Amino acid sequence: MKKSVLLIDTAYPVNGRTEKILNSLQKRYPDYQYNVVAWNRKLDSVSAPDYYYLYQKKSELGNRIKKFLNIFGFKKYVKSVVSMIHPDVIIASHWDSLFTVPYHLKGKSLVIYDNIDIPEGGFVQRHMELIMEKVSIKKSDLIIHASRFFQELYRDIDIKQCVIENKPTLQKKDREDNPVLPLKIAYLGNIRYVDTLTPLIDVVTNDKKFSLDFYGGGPDYETLKTRECENVHFHGPYHYSEVEKFYLSSDLIWAAYPNKDFNVKYAISNKYHESLYFSTPGIFANETKLGDYVAREGIGFIVNPYDYSSVKELLCRVANNTSLINDCRNRIKRVLEHETTWEEDMNQVYSFIEG
């Protein structure tokens, strides 16, 4: 009998990392049976692949309280799917998906907890999430950390752990072009966090030393689009196949997320690895583990994303000395010499599955 793998995600479409794990497993084990159980929280009319099981229950995106109240219905749905297909391997994306995995699967299914983001939010909310994760994590046979910095928070947990950061599966690119004014700055991804994007827009607006491009949609897209002007442009949603083009046409990538968020202090964003692969230095938040590392290695820039003066000082310093970008690129090349690839890192999962 062929082995089966079930991936669980509390959203639909599932996140890009889950898709990437699924694609890697399908290439490695083409004879396995694959299923995905996901939650169509927007109740969109969708045409999912036939190996998907979709839970249909409205739950407002971004409203964590509503999601928490509704997750018990999704948990019951997951249990019914597990009882029906009896998977050999279950991969739960994020702590809330792990919460929905049925108990008493030890010896029947290998459970892999893909730790994408650690519990976050205000004190009460984070405390509740930590309790749910602590209870759920006992179901795990393997924990995959999406950031090397998460490991220190789980060092007392006696479960096998490894790190697989969200590295691109694209070709690395060397850049030989020299940056010239106006400096081209780009933001890629879900447009949110007005508090940290507004200082950037304020600094750049109508300053001919800079151009700023936003690629992506998101909850704050319409709000920020009202700030569009001669050198600030919003291009809307894009396909991931366009990412390389955006990086190679930019001098700097804005990846400074809210450093007041506990998760951001320990996370490693996709933008970090993409900035290395495409030799386009990123701007990251100070007072974070990633920001400290980037500053120490000289492979990008750090800033207080909430502070207009901090953003202005950095951008003007780089604009007045564009060789700083080339210096970063040279150090990026040296760092990449020691970086493993996504597939090399996935060997840790393959070895675990093959046992």
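How many bridges join strand β11 (residues 252-255) to β12, and in which sense do the two run? The first view has the answer.

This is a predicted model, where local features need pLDDT of at least 70 and side-chain atom pairs count only at pLDDT 80 or more, while totals for chains, interfaces and linings use all residues. Residues are numbered from 1 along each chain as its sequence is written, and side-chain values use heavy atoms, with hydrogens and water left out.

View 1. β11 and β12 run parallel and are joined by three bridges. Two strands count as paired here if DSSP finds at least two bridges between them, and the strands themselves (E, at least two residues) and helices (H or I, at least four) are DSSP runs numbered from the N terminus. Look for Ala255, which sits opposite Phe284 in β12. On to the next pair: β12 and β13 are parallel too, with four bridges, and here Ile283 faces Phe301 in β13.

**View 2. Helix α10 and what covers it.** Helix α10 spans residues 289-297, and its buried residues are Leu290, Gly291, Tyr293 and Val294. Buried means under 20% relative accessible area, exposed means over 50%, and partly exposed is in between (1.4 Å probe, protein chains only). Down the axis of α10, the buried residues fall within an arc of 165°, so they line one face of the helix; the arc is taken from the directions from the helix axis to the C-beta atoms. The cover over these residues includes α9 (270-277), β12 (282-285), β13 (300-303) and α12 (323-336). Just past the end of α10, Gly298 has a positive phi of about 65°.

View 3. Thr288 belongs to the loop between β12 and α10. Its relative accessible area is 5%, so Thr288 is buried. Apart from neighbours within four places in sequence, Thr288 is in contact (heavy atoms within 4.5 Å) with Asn259, Val264 and Lys265.

**View 4. Helices α9 and α12, packed together.** Two packed helices are described by the angle between their axes and the distance between the axes. For α9 and α12 the angle is about 100° and the axes are 9 Å apart. The axes are lines fitted to C-alpha atoms, for helices over the stretch in contact, and angles run from 0 to 180 degrees between N-to-C directions. The two helices are therefore roughly perpendicular, going by cut-offs of under 35 degrees for roughly parallel, over 145 for roughly antiparallel, 65 to 115 for roughly perpendicular, and oblique for the rest. At the contact, Ser275, Leu276 and Tyr277 in α9 meet Ile332, Val335 and Leu336 in α12. By class, the contact residues are five nonpolar, one polar and no charged, where Ala, Val, Leu, Ile, Met, Phe, Trp, Tyr, Cys and Pro count as nonpolar, Asp, Glu, Lys and Arg as charged, and the others, Gly among them, as polar.

View 5. Zoom in on β4 and β5 (residues 110-115): they pair in the parallel sense over five bridges, and Ile90 stands opposite Val111 in β5.

View 6. Most residues other than glycine have a negative phi, and most peptide bonds are trans. The Tyr12 to Pro13 peptide bond is cis, with omega near 0°; Pro13 is in the loop between β1 (4-9) and α1 (16-28). Leu181 and Pro182 are also joined by a cis peptide bond, omega about 0°, and Pro182 is in the loop between β7 (160-163) and β8 (183-188). Then there is phi: His86 isn't a glycine, yet its phi is positive, about 50°. His86 sits in the loop between α2 (64-85) and β4 (89-93) and, at 58% relative accessibility, counts as exposed. Asn206, not a glycine either, has a positive phi of about 60°. Asn206 is in the loop between α5 (194-204) and β9 (210-215) and is exposed, with a relative accessible area of 58%.
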